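Subject: A structure for you to look at

Hi there,

Here is the structure I promised to pass on to you. Have a look at it first, and then read on for what turned up in it.

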Amino acid sequence: MTATRGAQDFYGRWARLYDLLARRTPGIRSLRKQAALATRVEPGATVVEMGCGTGANLPFLRAAVGPEGTVIGIDFTEPVLRRARAATADYENVHVVRADATRPPIAPGSVDAVLATFVVGMLEDPAGAVDDWCQLVGSGGHVVLVNAARSERRRWYRRPVNALFRAVVVLSTPPTMKLRYPTDQTARLDERIRAAHGRLRERSAAVAETTHTMGVVRLTGGRIA
Ligand SMILES: C[S@@+](CC[C@H](N)C(=O)[O-])C[C@H]1O[C@@H](n2cnc3c(N)ncnc32)[C@H](O)[C@@H]1O
């Protein structure tokens with residue numbers, strides 16, 4: 001089984017539980033709202049969410065672009081998309097599409113912003129994907145990434161928080177990815193997230209960054225140069 005197929009099976013099987021966590025984890029609503037605001041989209045704008053999962057960000061993006069704007073959610077796992085479609089059925093201008101976020105069916109320069117939350121850690125070439133997303137929004141557009149990686153804060157809680165994070169990573173990694181990469185999954189995740197956020201910083205004329213949840217969650221928003 002390929003890593004892509006494995007990820008689809010994994011998220012497909014756990015769609016219901018994932019949806020619950022994606023919407024009910026303490027603090028997650030406020031984080032999603034901040035992520036939507038960081039796209040800086042205005043009413044009437046077009047925003048794309050890559051790897052939208054069960055659609056927990058889509059209502060916040062819809063609120064930002066209003067009834068005149070357009071929200072497109074892209075994901076390659078059908079069962080999570082069914083949940084995203086059901087959750088946004090009341091909005092005519094929210095479209096949920098099955099596609100690969102690394103080859104999105106979107107013309108360069110045709111959207112105002114791209115958001116990707118908890119996705120780049122699953123991509124083989126996260127920096128390359130960020131480059132492509134920067135092309136989609138073009139100069140002056142915004143790309144926003146939210147991801148979890150080990151905390152780098154020099155505080156007493158760093159060790160226990162990172163041990164807990166490591167356990168969560170092991171439990172939530174699709175089995176095919178574990179087989180494919182026998183090396184430390186947490187270190188690989190850290191590396192992918194560092195690469196993606198680093199590339200976004202390089203490509204941006206202006207950057208806004210915040211960290212949350214004891215330094216585990218980081219949000220980087222960039223206005224593309
Ligand atoms: C951890 S979930 C995050 C979902 C959502 N962004 C959120 O914040 O709740 C990762 C999602 O990314 C999707 N995904 C991973 N790689 C993808 C790719 N190359 N193309 C499209 N979707 C992808 C998975 O199907 C899954 O729904």
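This is a predicted model: local features need pLDDT of at least 70, side-chain atom pairs count only at pLDDT 80 or more; totals for chains, interfaces and linings use all residues.

Helix α2 (residues 15-24) packs against helix α5 (residues 78-87) at an angle of about 50°, and their axes are 9 Å apart. An angle that is neither roughly parallel (under 35 degrees), roughly antiparallel (over 145) nor roughly perpendicular (65 to 115) counts as oblique, and α2 and α5 are therefore oblique to each other. Their crossing is right-handed. On the α2 side, A15, R16, D19 and R23 make the contacts, and they meet P79, V80, R83 and A87 of α5. Helix α5 also lies across strands β2 (70-75) and β3, and runs at about 170° to β3.

That brings us to the sheet. Seven strands make up an open sheet with mixed pairing, in the order β3-β2-β1-β4-β5-β7-β6. Strands β3 (94-98) and β6 (204-212) are at the edges with a single partner strand each, so one side of each has no neighbour in the sheet. On average, neighbouring strands are turned by 15° against each other, direction ignored.

Now find β4 (residues 113-117) in that order. On one side, three bridges join β4 to β1 (residues 46-50), and the two strands run parallel; here L115 is the bridge partner of E49. Five bridges join β4 to β5 (residues 142-148), again a parallel pair, and L115 stands opposite V144 in β5. To get from β4 to β5, the chain passes through helix α6 (residues 126-137), and this β-α-β crossover is right-handed.

Is β4 buried or exposed? Five of its five residues are buried, so the strand is largely enclosed by the rest of the structure. In a regular strand, side chains alternate between the two faces of the sheet. In β4 both faces are covered: A113, L115 and T117 are buried on one side, and V114 and A116 on the other.

Finally, follow β5 to its other partner. Seven bridges join β5 to β7 (residues 217-224), and these two strands run antiparallel. One of the pairs to look for is A148 with its bridge partner V217 in β7.

Enjoy exploring!

Best wishes

Terms used
Residues are numbered from 1 along each chain as its sequence is written. Side-chain values use heavy atoms; hydrogens and water are left out. Buried means under 20% relative accessible area, exposed over 50%, partly exposed in between (1.4 Å probe, protein chains only). Helices (H or I, at least four residues) and strands (E, at least two) are DSSP runs, numbered from the N terminus. Two strands pair if DSSP finds at least two bridges between them. A crossover is right-handed if, with the strands pointing away from the viewer, the path from the first strand over the helix to the second runs clockwise. Axes are lines fitted to C-alpha atoms, for helices over the stretch in contact, and angles run from 0 to 180 degrees between N-to-C directions. A crossing is left-handed if the near helix is turned anticlockwise from the far one by less than a right angle, and right-handed if clockwise. Contact means heavy atoms within 4.5 Å.
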